[in-house]
Amino acid sequence: KYTVLTMGCQLNENDSEKISGMLEASGYTKTDDLSQANVIVFNTCCVRENAEDRLFGKLGEVKKYKENNGTIIAIGGCMMQEKHIVNKLKQSYPFVDIVFGPHTMQDFPKDLYASIVENKKIEDILDIDGNIIEGVPIIRDDSIKASVAIMNGCNNFCTYCIVPYVRGRERSRNPQAIYVECLDLAKNGYKEITLLGQNVNSYLVSERKQNKNLNLTVKKENGEEVEVNSFAKLLRLINTIDGIERIRFISPHPKDFTDDVIDSIRDCDKVCNLIHLPLQSGSTNVLKAMNRKYTKEQYLNLVEKIKAKIPNIQFSTDIIVGFPRETEEDFEDTLDVVKKVGYEQIFMFIYSRRVGTVADKMENQIDEKVKHERFNRLKSLAEKIIEEGNKKYVGTVQKVLVEGKSKTNDKIYTGRTETNKVVNFEGNDDLVGKVIPLKIASEHMWYLKGEYEN
């Protein structure tokens, strides 16, 4: 039996599904009971500091299973690309059996076999960029919604981010492989696909720079061949797959949000009318210090351009509070952008220093008390905007993808709108996995209440 504990983003979750797939192909079955697991795998993230605290705390918890049951403990993911973390594991957690990185994940069954048969510690980490590996088995955590990674790595080197150092440079998957995976998901009843990448709208950009005559064609199920050499064309391709009813993508970079991508979102009826557009900061000065390569004005102009081309489009975003050198005026600029855009969702983070990044070495680090005070002000504004935004849904009919029963009330079913709003309603099992019209009866801060009429 095995357990995979995931810490991190949706790319990590997608990797964990592949780790589960490889383990089940090796004869293991999943268990949520750590005491029953023969193998416990941690799939780690290193974007925020508390991820380390979570990992080390959890390792202390599972040590008893190693001692009592001989459980194999394996740790993978981005954090294993950080040398100081691996060194700490060797020194303070010598009972860990296997350490592997995101570039060697596909070899995990071999590492596990070697650990069992040869009874030795395995460290399987590549410092260079790994190759795109296709054909890894995957066990999905959901039967309605699925994520599909379209690329790995990042070329942007935002000064707060460790990702380029641990996941390497941008490498895009072949569009034929992506198409086949999405087609297979559709045939297995999946209704919603989320395309994943550190910077999805630079899909195939690096490859085109290396080969200006890049000509990638995809052979569709009906025999038709279409050229797919950009993210915009990939969206159009996935939009043609029967059975798939919704397409989402995360995360794009504002500097790469080209007109052809906007046009594809507008033209493709299955692409949801919610765009996740990371802001990080509303201050041009802070954005420059972050190496984000756009200004406050350019970001707002992009939002206006998208709104002009796509009626009813909505936005979600990421914001970091308390970046080094952030002044009160800089923070006010962030609040100003939040007011002007009127986001549907805001994912807010207090800046945390990451060893190995440029920002970690910057002077004028912000006092923790100031960070938290600004975070609370942003949170208050965000909740006010979200509360006001929710009111516009009342009385409207929304298309909702029904995901199943509520976790807290088995008489209530739950689903999401195109704009990712949670809707709770009274329904039945026959509706699960379907996109249905729901009239919104009332709004609450974190969900809407819907009414279904047969």
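Lys293 lies in the loop that runs between helix H10 (284-290) and H11. In this model, which is predicted, Lys293 adopts a positive phi of about 70 degrees although it is not a glycine. Is Lys293 buried, partly exposed or exposed? With a relative accessible area of 49%, Lys293 is partly exposed, because the exposed class begins over 50%.

Leu204 belongs to the loop between strand E9 (192-196) and helix H7 (205-210). Its relative accessibility is 2%, and Leu204 therefore counts as buried, the cut-off for that class being under 20%.

A further backbone feature concerns the peptide bond between Ile250 and Ser251, which is cis, with omega about -10 degrees. Ser251 sits in the loop that connects strand E12 (246-250) with H9.

From that loop the reader may turn to the helix itself. Helix H9 (residues 259-267) packs against helix H11 (residues 296-309): their axes come within 10 Å and cross at roughly 35 degrees. The crossing of H9 with H11 is right-handed. On the H9 side, the contact involves Asp259, Ile262, Asp263 and Arg266, while H11 contributes Leu302, Lys305, Ile306 and Lys309. Which classes of residue make up this contact of H9 with H11? Three of the residues are nonpolar and five are charged, with no polar residue among them.

Attention now passes to the nonpolar interior. In soluble globular proteins, nonpolar side chains tend to be buried together. The largest nonpolar core of this model comprises 77 residues, and the members that touch the most others are Leu195, Phe231, Leu234 and Phe257. Apart from this core lies another, of 27 residues, including Leu34, Phe56, Leu59 and Val86. Returning to Phe231, and leaving aside residues up to four places away in sequence, one finds that Phe231 touches Ile150, Leu195, Val200, Asn201, Tyr203, Phe249 and Val261.

The strands remain to be considered. Strands of a sheet pair through backbone hydrogen bonds, either parallel or antiparallel. In what order do the three strands of the open sheet lie? The order is E13-E14-E15, and the pairing is parallel. Strand E13 (274-276) and strand E15 (345-350) form the edges, each pairing on one side only. From one strand to the next, the twist averages 15 degrees. Strand E14 (residues 314-321) is joined to E15 over six bridges in the parallel sense, and Ile319 stands opposite Met348 of E15.

The other arrangement is closed. Five strands form a barrel in the order E16-E17-E18-E20-E19, with mixed pairing. Here the twist from one strand to the next averages 55 degrees. Within the barrel order, E20 and E19 are adjacent; strand E19 (residues 435-443) and strand E20 (residues 448-451) run antiparallel and are joined by four bridges. In this pair, Ile440 is placed opposite Gly450 of E20.

Definitions and conventions: Residues are numbered from 1 along each chain as its sequence is written. This is a predicted model: local features need pLDDT of at least 70, side-chain atom pairs count only at pLDDT 80 or more; totals for chains, interfaces and linings use all residues. Side-chain values use heavy atoms; hydrogens and water are left out. Axes are lines fitted to C-alpha atoms, for helices over the stretch in contact, and angles run from 0 to 180 degrees between N-to-C directions. Helices (H or I, at least four residues) and strands (E, at least two) are DSSP runs, numbered from the N terminus. A crossing is left-handed if the near helix is turned anticlockwise from the far one by less than a right angle, and right-handed if clockwise. Contact means heavy atoms within 4.5 Å. Ala, Val, Leu, Ile, Met, Phe, Trp, Tyr, Cys and Pro count as nonpolar, Asp, Glu, Lys and Arg as charged, and the others, Gly among them, as polar. A nonpolar core is a set of buried Ala, Val, Leu, Ile, Met, Phe, Trp, Tyr and Cys residues joined through side-chain atoms within 4.5 Å. Buried means under 20% relative accessible area, exposed over 50%, partly exposed in between (1.4 Å probe, protein chains only). Two strands pair if DSSP finds at least two bridges between them.
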